[in-house]
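Okay, hi everyone, thanks for making time for this. Let me put my structure up on the screen, and then I'll talk you through it.

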Amino acid sequence: MFPLAMAQQGEKWVIQKIMSEHEIKTRFMELGFCEGVQITIMASEQGNVIIKNKDSTFAIDKDFAKHIFVN
């Protein structure tokens, strides 16, 4: 398990843990971005990450990407 900020473009991972404030975590869960969901890294540059899950695409800044753990 490692931070999303370290993932490379084109890789597929499963979100294992989101370590953030309850409010932010809840908002991402409402969008279908939660623990157990498979994601694809669409782009990764300087720690900023663009990810896609089955329904949506998200841009995650490098500070938040350090708190999302994938495997």
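This is a predicted model: local features need pLDDT of at least 70, side-chain atom pairs count only at pLDDT 80 or more; totals for chains, interfaces and linings use all residues.

Residues are numbered from 1 along each chain as its sequence is written, and side-chain values use heavy atoms, with hydrogens and water left out.

Let's start in a loop. Ser56 sits in the loop between β4 and β5, and Asn53 has its place in the loop between β4 and β5 too.

So, are these two buried or exposed? I'm using buried for under 20% relative accessible area, exposed for over 50%, and partly exposed for in between, with a 1.4 Å probe and protein chains only. Asn53 has 6% relative accessibility, so it counts as buried. Ser56 has a relative accessible area of 22%, so that one is partly exposed.

What does the Asn53 side chain reach? It gets to the backbone oxygen of Gly32 at 2.9 Å, and to the backbone nitrogen of Ser56 at 2.8 Å. For a polar contact I want a pair of N or O atoms within 3.5 Å; within protein, one must be able to donate a hydrogen and the other to accept it, and residues adjacent in sequence count only if both atoms are side-chain atoms.

Then there are plain contacts, meaning heavy atoms within 4.5 Å. Not counting residues up to four places away in sequence, Asn53 touches several residues, including Leu31, Phe33 and Phe58. With its neighbours within four places left aside, Ser56 is in contact with Leu31 and Ile51.

In general, strands of a sheet pair through backbone hydrogen bonds, either parallel or antiparallel. My rule is that two strands pair if DSSP finds at least two bridges between them.

What order do the strands come in? Here we have an open sheet of 6 strands, with antiparallel pairing, and it goes β1-β6-β2-β3-β4-β5. β1 (2–3) and β5 are the edge strands, each with a single partner strand, so one side of each has no neighbour in the sheet.

Walk along it with me. β1 pairs with β6 (residues 68–70) over 2 bridges, antiparallel, and Phe2 is opposite Val70 in β6. Further along, β2 (residues 12–18) and β3 (residues 38–45) run antiparallel, joined by 3 bridges; Lys12 has Thr40 in β3 as its bridge partner. Next, β3 pairs with β4 (residues 48–52) over 5 bridges, antiparallel again, and there Ile41 has Ile51 in β4 as its bridge partner. The hairpin of β3 and β4 has 2 residues between the strands, and Gln46 in it takes a positive phi near 55°.

Now the greasy part. By nonpolar core I mean a set of buried Ala, Val, Leu, Ile, Met, Phe, Trp, Tyr and Cys residues joined through side-chain atoms within 4.5 Å. The largest one has 18 residues, and among those with the most contacts inside it are Leu4, Phe33, Ile41 and Ile51. β2, β3, β4, β5, α2 (62–65) and β6 each supply at least two residues of this core, and its largest share, 3 residues, comes from β2.

Last stop: the rings. How many aromatic pairs are there? A search of the whole structure gives 5. Rings of Phe, Tyr and Trp (its six-membered ring) pair if their centres lie within 6.5 Å; planes under 30 degrees apart are stacked, over 60 edge-to-face, and the rest tilted. Phe28 and Phe33 have ring centres 4.7 Å apart and planes at 50°, so that pair is tilted. Phe28 and Phe58 have centres 6.0 Å apart and planes at 55°, so that pair is tilted as well. This second pair links distant parts of the chain, 30 residues apart: Phe28 is in helix α1 (residues 22–30) and Phe58 in strand β5 (residues 57–60). Phe28 and Phe33 are both buried, and Phe58 is buried too. Put together, Phe28, Phe33, Phe58 and Phe64 make one aromatic cluster.

Notes:
Helices (H or I, at least four residues) and strands (E, at least two) are DSSP runs, numbered from the N terminus.
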